[in-house]
Amino acid sequence: MNSLLLLNGSPRGERSNSIKMLERIAEGWRRKGGTVEALHLARRDQFARAVTAFAEAETVLLGMPLYTDAMPAVVKEYIEALMPRVAAAKAGLRNPTLGFLVQSGFPEARHSRPVVRYLEKLAARLGSRYAGTIVRGGGGALEWMPEQANKKLWQQLRVLGEQLARDGQFGAAELKAIAGRERLGPLTVMLATLACKLPLTQSMWNKMLKENGVWERRFDAPYGPAFRP
Amino acid sequence: MNIAILNGDSEAASPFQAYLLKLSQKLKDRGHTVIKLDLATLNLKGCSGCWGCWVKTPGECVKHDGSATVRRAIIDSDLTLLASPITMGFTSALLKRAADQMVPLIHPYFVVEGGEIHHRARYARYPLMALLLDAGEQADAEDIEMTTAIWRRTARNLKTRLAFTAVASRDAEEVANELTLVA
């Protein structure tokens, strides 16, 4: 088991936070002597290749950002394209070991749990061995964080990649550690409530709004009465 | 009451399409205004995660496609019915494509709600949401429950709630009555 099919389900393709994280997992996989084929589902030509490559793969790692609390549309399209593999599994053919990465901008893992349940069942539906799902919040911040600050995360991802190569699954303790808190504690809720009222907390949005010259229009509501707190 | 039906079935002549027509008529018979959007005909380009709707053209997707029709229908409605066959255990990629382009309906700012981090509302009011699923022969009770759990969270992030889930194996008359009761 030494070839990994790495699928990036982010609509942003090469410029995504998902691929940054997936590449670190791939590094861990390669450290164990394996090879990696990486494809972006958002690229139409690569999408088609990803469908045919699935049937031949030993291990598939499908990573995605959380879009409206689920998989992005392009990932669902891919899953629908795998429908013949359900019949294939029923006919006794083998499907690859399946692992997932779900990353989101929310700090709590809780937001991602419903789709993780779905992905686990998807592996069962395909008759695939389930390697586990890496859940990670705070993904949007990767763009602004200095490289140094992400060092621990990159290391955690490399270890998970090594585990996938060595054991065919992610370690339970490592999955728990990388997911961080499932929900905010009462004190954090209090502090976060206060923090959300400070311009500093929203500063990354404000900066972009100002750079684009639409700061004055930030509360625009083109289809109905705007929310007034 | 204004009801928007977002039809996520991409098959033009399925039994589910016929069911939706019957249900729309029954809702109209009860005095409701019904707009049924066939998502397959709207040329939805999908979300590329550019954040343009948050920081370039606030409240609007930067892509010019049928998604504006979907967003307008949602905000104009008292109840939005998300209608879709279940394929591979979840609602269709077509409906998901429409959902991804609902992000302009909320504001990027972070807020704390119910002890969780969410995004701020952009509109003063949002419609209730409900799911109508065609379970077909493949989907089991767990698929319906998991699909509901995901959409319950989506509804919450769209500043509303999922009122209920119905399956299209049920009598359209009964579903029309229930929809009338919830809103």
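Which domains does the domain assignment give for chain A? Domain 1 spans 3-179 and domain 2 spans 186-217; these bounds come from an automatic or database domain assignment.

This is a predicted model: local features need pLDDT of at least 70, side-chain atom pairs count only at pLDDT 80 or more, and totals for chains, interfaces and linings use all residues. Residues are numbered from 1 along each chain as its sequence is written, while chains are lettered from A and ligands numbered from 1 in the order in which they are written.

**View 1. The two domains of chain A.** The C-alpha centres of domain 1 and domain 2 of chain A lie 31 Å apart.

**View 2. A:G185 in its loop.** A:G185 sits in the loop between α7 (172-179) and α8 (186-196) of chain A. Helices (H or I, at least four residues) and strands (E, at least two) are DSSP runs, numbered from the N terminus. Is A:G185 buried or exposed? A:G185 counts as exposed because it has 10 C-beta neighbours inside 10 Å. A residue is buried with 20 or more other C-beta atoms within 10 Å of its own, exposed with 12 or fewer, and partly exposed in between; C-beta atoms are placed from the backbone. From A:G185 to A:T201 is 16 residues in sequence and 19 Å in space, C-alpha to C-alpha.

**View 3. Strand β1 of chain B and its partners.** Five of the six residues of β1(B) (residues 2-7) are buried, so the strand is largely enclosed by the rest of the structure. Six bridges pair β1(B) with β2(B) (residues 33-38) in the parallel sense; pairing takes at least two DSSP bridges. Here B:I3 stands opposite B:V34. β1(B) also runs parallel to β3(B) (residues 79-87), joined by five bridges. There B:N7 stands opposite B:A83.
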